[in-house]
Amino acid sequence: MQADFHWDELHLAEEPADGLLRELGYTFVPAEVLDGERESSAEPVLVQRLAAALRRLDPWIDDENVQRAVRHVTHVVGGRLVEANESVHTALVHNISLEQDLGQGKRGQTVRFIDFENPSNNELIFTRQYRVAGAKQTVIPDLVVFVNGLPLVVIECKSPTIADPMDKAIDQLTRYQEIEDQFRNVGAPRLFHAAQLLVATCGQAARYATVGTPRRYWSEWKVPYPLTLDQLQTRLGRIPTAQDVLLFGLLQQANLLDLVQNFIVFEVEGARSIKKLARYQQFVAVNRAVERIRRAETASERGGVVWHTQGSGKSLTMVFLAVKLRRLREAENPTLIVVTDRRDLDNQIAGTFKR
């Protein structure tokens, strides 16, 4: 019976995910090849590939600063997993500064880990059954997606024929992170220092989250934006599964980099930092608003309305839009004005933006 479940998981979830990643332009590299590049299975980052990407994206950088940059994202000082993840995310999105003499004395130089503007300038690969050693056990996620050697996406597949396959996939990713006391020392948290997106799937259903997300907040991604469902069906030559839609919507290369750069926030609630990733409705609304602003020929054509139900995340939608507008070259670093009709909304939205 166990063999049947394994066959179903492999052929109904893992292999279709593999095929879709190839369709999206990711290059498959066998895990044994990547293992040969690593000094230890305890190091989830592909250091040689990261160093090569740093030299490509930052052609001025010397070997000493390459080592410093690599160490910045592989030896993170921090107590909780989410805090370590925030440190890496900050480095990836906002870059770091390292001193180097480029002919005018030592000055701080900006180091880029990822080219967010041009996805093709990055190395985007994936592998299957990637082993990462933890304190006491080794974890083996089904698929891992790397951008410039950094494991940004971790995917766990389950057979659709077992009971509660999605719960089991989420449980496994929760165990790998060791974010619950019952899983202490049975996972490999270092794998998730750089991870930005986690996916649980069984072929016919799929959910996504990010590091530290409680089980109840794992969500569906229901649109393959910018394609429609009909366009995705035409491209695949079959009716898309929920897994197809989620992977296509989240892991198109431009979408993945957009999500990492513009649609992740860390908010402090109580004494803890909580990482939040956009819902698909927020992602689509913000990108459509930006496209309208970019393409409008007159000022009146740039306006619009995004309708939210109560509690659906309108404050975060505004934060995501503000982040993208501040980066939009055509907008030339705009001044943003937020108008509300209630004083308590002033406090709520101001607090969200400050955090």
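**Overall form of the chain**

Exercise 1. Determine whether the radius of gyration of the chain agrees with that of a compact globule.

Solution. The model is a predicted one. For 355 residues, a compact globule would have a radius of gyration near 20 Å. The chain has 21 Å, and therefore the value agrees with the globule rule. As for extent, the C-alpha trace spans about 60 × 55 × 45 Å along its principal axes.

Exercise 2. State what share of the residues is buried, and describe the accessible surface.

Solution. Buried residues, those under 20% relative accessible area, make up 48% of the 355 residues. The accessible surface of the chain is about 18,100 Å². Carbon and sulfur atoms contribute 48% of that surface.

**The sheet and a helix**

Exercise 3. Which strands form the open sheet, and in what order?

Solution. The chain holds 12 helices and 12 strands. Six strands form an open sheet with mixed pairing, in the order 1-4-7-8-9-10. Its edge strands are strand 1 (27-28) and strand 10 (206-209), each of which pairs on one side only.

Exercise 4. In which sense do strand 9 and strand 10 pair, and which helix lies across them?

Solution. Strand 9 (residues 197-201) pairs with strand 10 in the antiparallel sense, over four bridges. Within this pair, V199 stands opposite Y208 of strand 10. Helix 6 (residues 165-177) lies across strand 8 (150-157), strand 9 and strand 10. The angle between helix 6 and strand 9 is about 145°.

Key: Residues are numbered from 1 along each chain as its sequence is written. This is a predicted model: local features need pLDDT of at least 70, side-chain atom pairs count only at pLDDT 80 or more; totals for chains, interfaces and linings use all residues. Side-chain values use heavy atoms; hydrogens and water are left out. Two strands pair if DSSP finds at least two bridges between them. Helices (H or I, at least four residues) and strands (E, at least two) are DSSP runs, numbered from the N terminus. Contact means heavy atoms within 4.5 Å. Axes are lines fitted to C-alpha atoms, for helices over the stretch in contact, and angles run from 0 to 180 degrees between N-to-C directions. The radius of gyration is taken over C-alpha atoms; the globule rule is 2.2 Å times the number of residues to the power 0.38. Buried means under 20% relative accessible area, exposed over 50%, partly exposed in between (1.4 Å probe, protein chains only). Accessible areas come from the Shrake-Rupley method with a 1.4 Å probe; for residues, only the protein chains shown count as cover.
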